[in-house]
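Me: I have a structure here that is new to me. Can you walk me through it?

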Amino acid sequence: MKNFFEKTKLFNKNTILKILKEYSGPIWIYQDDIIKKKIHQLKKFDIIRFAQKSCSNIHILKRMRKLNIKIDAVSIGELTRALVAGFKPENDEIVFTSDIMNKETLQKIITNKITVNAGSLNMLEQLGKYSPGHRIWIRINPKFGHGHNQKTNTGGENSKHGIWNPELAIPIIKKYKLNLIGLHMHIGSGVDYIHLKKVCDAMVNQALYLNQDIQYISAGGGLSIPYKTTDIPINTENYFTLWNNARNIISKHFKHKIQLEIEPGRFLVGESGILITKIHEIKKVGQKIFTLIDAGFNDFMRPVLYGSYHDISIIPIDNRSLHTNKYIKTIIGGPLCESGDVFTQDENGKLLEIRLPEIKIGDYLIFHNTGAYGSSMSSNYNSRPLIPEILIKNNIPKIIRRRQTIEELLKLELEIK
């Protein structure tokens, strides 16, 4: 296990040390240059639409808008974030994707004339009744799925997402004269090119079968990143080629060019982020050693939810050299009053020991590739305030979310008399 600065060239050493001197941990840090690099890899797609659920900080959204990225929102909160960040409903800068919506959400959509990507027939009925002629996509469940974990599988009988029989949507669309502009299909996180080819073929089959003169197709999201050093990075050229072939067939059928959209989340921001934590205890429990840090699963949920893997590196508090021939086997845990508050576990909850150099209390542990579904999945469990977020641009760190206070956490309750 190398120290942080040996492991990555993506973060400037002096900048990180400056941040650690100024802010107490734990801290989320994002690197702007990495986000721009990932966007560039998808430049062949006509439209890149950021799945903001992966990283919803308003300042990140503003950066996306400046980089000509459109936005996907999945809740009224995300719609509000997108509008505050400067995205406009015009030119479909914002698309709302969901399988249900309540009255408050429906009203916001109608008032702001936001395009809807509908995942259920009832959504179409709701929208058509109150906003006939509204611009819509329909999200199709292709009847199969794929994902790095069952919880990230968004297609097939085990998925709640999408319309199972999209032909049933057509009479509703015609009844309310809804403006169907596109078809959306997404089967889950992770890239398997055999499954991807099946999705492309399914999109072609559905587009030709439904025979509605659309303007767009969406490849969805789910593009993977290399969490492990042994992981093979996605071949974005191959990914585009498969979808472009599908687009060309559909374009030929409708006798005009269909716009090809992609909807990445983790691919754009995952590798840009790190979580910096501090070691507060190293304790022996029977034959095991637990290393306890100041971040809990309320801060970082993915390892507990999915058993997800994240590389871990070290910043020694005393700048000592880390001896590569001296290791300990340890389990990394957090401070929560919860046995499951462990960052080294598999998807079934089995605790895993990892090898670290001889660490000390006060050393910093760095979790890599946490830019996606890190901060955005945080909670206040154990009444713990949300931690700061910092964006580094041109080696200049800028706080983009300050630490939440206990007073702010209690305010909603104390206001009730």
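Reply: One term to begin with: the domain bounds used here come from an automatic or database domain assignment. Also, this is a predicted model.

Me: Okay, which domains is the protein divided into?

Reply: Domain 1 takes in 4-28 + 270-411, and domain 2 is 43-263. Their centres, taken over C-alpha atoms, are separated by 33 Å. The contact draws 21 residues from domain 1 and 17 residues from domain 2.

Me: What area do domain 1 and domain 2 bury between them?

Reply: About 1700 Å², with 55% of it on carbon and sulfur atoms.

Me: Which elements of domain 1 give two or more residues to that side?

Reply: Those are α12 (302-306), β16 (389-393) and β17 (396-401). By class, the side of domain 1 that touches domain 2 has seven nonpolar, six polar and eight charged residues.

Me: How many salt bridges are there between domain 1 and domain 2?

Reply: The count there is zero. Five residue pairs are in polar contact across the interface of domain 1 and domain 2, though.

Me: And how many salt bridges in the whole structure?

Reply: A search finds 17. One of the pairs is E93 with R65, where the closest N and O atoms are 3.6 Å apart.

Me: Where do E93 and R65 sit in the chain?

Reply: E93 is in the loop between α5 (76-84) and β4 (94-98), while R65 belongs to helix α4 (residues 58-66). The two are 28 residues apart, and the pair links distant parts of the chain.

Me: Why would such side chains pair?

Reply: Side chains of opposite charge can pair when their charged atoms come close.

Me: New topic. Where does UniProt place the "binding site" feature?

Reply: The unreviewed UniProt entry puts "binding site" at R266, R302, Y306, E338 and Y373. They span 108 residues in sequence, and the farthest two C-alpha atoms are 27.7 Å apart, so they do not all gather at one spot. Among them, Y306 lies in helix α12.

Me: What about the backbone: is the peptide bond from G25 to P26 cis or trans?

Reply: The bond from G25 to P26 is cis, with omega near -10 degrees. P26 is in the loop between α2 (13-22) and β1 (27-31).

Me: And is phi of N211 positive or negative?

Reply: Positive, near 55 degrees, in a residue other than glycine. N211 is located in the loop between α9 (193-210) and β8 (216-218).

Me: Why point those two out?

Reply: Because most residues other than glycine have a negative phi, and most peptide bonds are trans.

Note on methods
Residues numbered from 1 in each chain as written. Predicted model: local features only at pLDDT ≥ 70, side-chain atom pairs only at ≥ 80, totals over all residues. Heavy atoms only, no water. Contact = heavy atoms within 4.5 Å. Buried area = accessible area lost by both parts, 1.4 Å probe. Salt bridge = Lys/Arg side-chain N within 4 Å of Asp/Glu carboxyl O. Polar contact = N/O pair within 3.5 Å; in protein donor to acceptor, adjacent residues only side chain to side chain. Helix = DSSP H or I, 4+ residues; strand = E, 2+ residues; numbered from the N terminus. Nonpolar A, V, L, I, M, F, W, Y, C, P; charged D, E, K, R; others polar. UniProt positions renumbered as here; feature names shortened; annotations may be inferred.
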